[in-house]
Amino acid sequence: MIQHELNEDDGILMVAPQGPLEADDFRALAAEVDPFIERTGGLRGLLIEAEAFPGWDGFAGLTAHLRFVREHHRVIRRVAVVSDSPVLSHLPQLAKHFVAAEVRHFPRTEWSGALDWLRST
């Protein structure tokens with residue numbers, strides 16, 4: 001399950017995985033953000049807050065995740081990964097090979113700094 005909130009005033013989607021990622025999670029995210037993207041042309045940012053990468057709930061979850069990234073990465077300017085996980089701290093280096101957005105890692109103590117960075121685009 002992914003908790004999510006779209007701040008329409010700032011154009012920022014905040015997500016927090018609460019367990020293995022499921023295909024329905026990405027359908028719910030798309031249903032929330034796609035109408036906003038159609039109206040505005042994109043998102044200023046995506047803030048991902050996670051203690052650790054939760055993995056996927058099967059192959060359907062993985063493919064839905066990849067499809068969501070493929071369909072949305074060009075309309076998101078920046079991605080802030082807020083986590084103290086050593087694995088997730090390396091996500092920006094990996095992501096730059098697959099997404100158009102600028103991706104940056106922030107420790108959990110810098111959550112508000114991450115939000116400020118997303119707003120500064």
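The model is predicted, so local features need pLDDT of at least 70 and side-chain atom pairs count only at pLDDT 80 or more, while totals for chains, interfaces and linings use all residues. Residues are numbered from 1 along each chain as its sequence is written, and side-chain values use heavy atoms, leaving out hydrogens and water.

**Two helices side by side**

Two packed helices are described by the angle between their axes and the distance between the axes. Here the axes of helix H1 (residues 23-40) and helix H2 (residues 59-72) come within 8 Å and cross at roughly 15°. H1 and H2 are therefore roughly parallel to each other (angles under 35 degrees count as roughly parallel). Helices are DSSP runs of H or I with at least four residues, and strands are E runs of at least two.

Which residues of H1 and H2 meet? On the H1 side they are Ala-23, Phe-26, Leu-29, Ala-30, Val-33, Asp-34 and Ile-37, and on the H2 side Ala-60, Gly-61, Ala-64, His-65, Phe-68 and His-72; contact means heavy atoms within 4.5 Å. By class, this contact has nine nonpolar, three polar and one charged residues.

**Charged pairs**

Side chains of opposite charge can pair when their charged atoms come close. A salt bridge is a side-chain nitrogen of Lys or Arg within 4 Å of a carboxyl oxygen of Asp or Glu, and by this rule the count comes to eight salt bridges.

| Pair | Closest N and O atoms |
|---|---|
| Arg-39 and Glu-8 | 3.1 Å |
| Arg-78 and Glu-102 | 3.2 Å |
| Arg-119 and Asp-116 | 3.8 Å |

Let's start with Arg-39, which lies in helix H1, while Glu-8 lies in the loop between strand E1 (2-7) and strand E2 (12-17), so the pair ties together parts that are 31 residues apart in sequence. Arg-39 is exposed, at 54% relative accessible area (buried means under 20%, exposed over 50%, partly exposed in between, with a 1.4 Å probe and protein chains only). Glu-8 is partly exposed at 44%.

Next, Arg-78 in strand E4 (residues 76-82) pairs with Glu-102 in strand E5 (residues 102-106), so this bridge ties together parts that are 24 residues apart in sequence. Is Arg-78 buried or exposed? Arg-78 is buried, with a relative accessible area of 15%, whereas Glu-102 is partly exposed at 42%.

Finally, Arg-119 and Asp-116 are three residues apart in helix H5 (residues 111-119), separated by about one helical turn. Salt bridges that share partners join Asp-10, Asp-116 and Arg-119 into one network.

Key. Axes fitted to C-alpha atoms, helices over the stretch in contact; angles between N-to-C directions. Parallel < 35°, antiparallel > 145°, perpendicular 65-115°, else oblique. Nonpolar A, V, L, I, M, F, W, Y, C, P; charged D, E, K, R; others polar.
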